[in-house]
Amino acid sequence: MNISWYIALSAVLFAIGAGGLVARRSPLVMLLCLEIMLNGANLSLVAFARMWGDGGGQIFALIVMVVAACEVVVGLGLIVALYRNRLPIDIDELDKLKDPA
């Protein structure tokens with residue numbers, strides 16, 4: 001399969017994630033859209049690594065997956081803390097995390 005198909009698919013995934021990240025106000029959906037964007041980037045990294053016959057892109061994709069997993073853990077921890085404190089889940093209504101000064 002030609003690499004242009006992989007790049008086109010990764011661009012579509014990245015665009016869907018970016019559109020969802022801009023359009024949605026729920027933190028859970030925003031985390032999901034961010035994961036879609038990171039997976040699009042990972043697909044292009046792996047495709048270029050395959051094209052050049054180098055494993056560097058695959059290693060970098062694994063690092064991106066680890067960072068994405070850490071991001072989800074922190075994000076879900078924040079969302080659970082919001083639910084426990086009965087704070088609004090809408091991003092626009094979240095002003096309790098601001099510095100009061």
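## Helix contacts and selected residues in a predicted model

Not counting residues up to four places away in sequence, Ile3 touches Ala47, Phe48 and Met51, where contact means heavy atoms within 4.5 Å. The structure is a predicted model, in which local features need pLDDT of at least 70, side-chain atom pairs count only at pLDDT 80 or more, and totals for chains, interfaces and linings use all residues. Residues are numbered from 1 along each chain as its sequence is written, and side-chain values use heavy atoms, with hydrogens and water left out.

Ile3 belongs to helix α1 (residues 3-23); helices are DSSP runs (H or I, at least four residues) numbered from the N terminus. From Ile3 to Leu21 the separation is 18 residues in sequence and 27 Å in space, C-alpha to C-alpha. Ser10 is also placed in helix α1. With neighbours within four places in sequence left aside, Ser10 contacts Gly40, Leu43 and Ser44.

The table gives relative accessible areas, for which buried means under 20%, exposed over 50% and partly exposed in between (1.4 Å probe, protein chains only).

| Residue | Relative accessible area | Class |
|---|---|---|
| Ile3 | 18% | buried |
| Ser10 | 7% | buried |
| Phe48 | 32% | partly exposed |
| Trp52 | 63% | exposed |

Phe48 and Trp52 are separated by about one helical turn because they are four residues apart in helix α2 (residues 27-52).

The axes of α2 and α3 come within 9 Å and cross at roughly 175°; axes are lines fitted to C-alpha atoms, for helices over the stretch in contact, and angles run from 0 to 180 degrees between N-to-C directions. Helix α2 is therefore roughly antiparallel to α3, a term for angles over 145 degrees. Residues making the contact include Leu31, Leu34, Glu35 and Leu38 of α2 and Ala68, Glu71 and Val72 of α3.

Glu71 is located in helix α3 (residues 56-84). Neighbours within four places in sequence aside, Glu71 is in contact with Leu31, Leu34, Glu35 and Leu38. Glu71 is buried yet has no salt bridge, and the nearest side chain of opposite charge, Arg25, is 14 Å away. A salt bridge requires a side-chain nitrogen of Lys or Arg within 4 Å of a carboxyl oxygen of Asp or Glu; Lys and Arg count as positive and Asp and Glu as negative, while His and the chain ends are not counted.

Notes: Helices (H or I, at least four residues) and strands (E, at least two) are DSSP runs, numbered from the N terminus. Angles under 35 degrees count as roughly parallel, over 145 as roughly antiparallel, 65 to 115 as roughly perpendicular and the rest as oblique.
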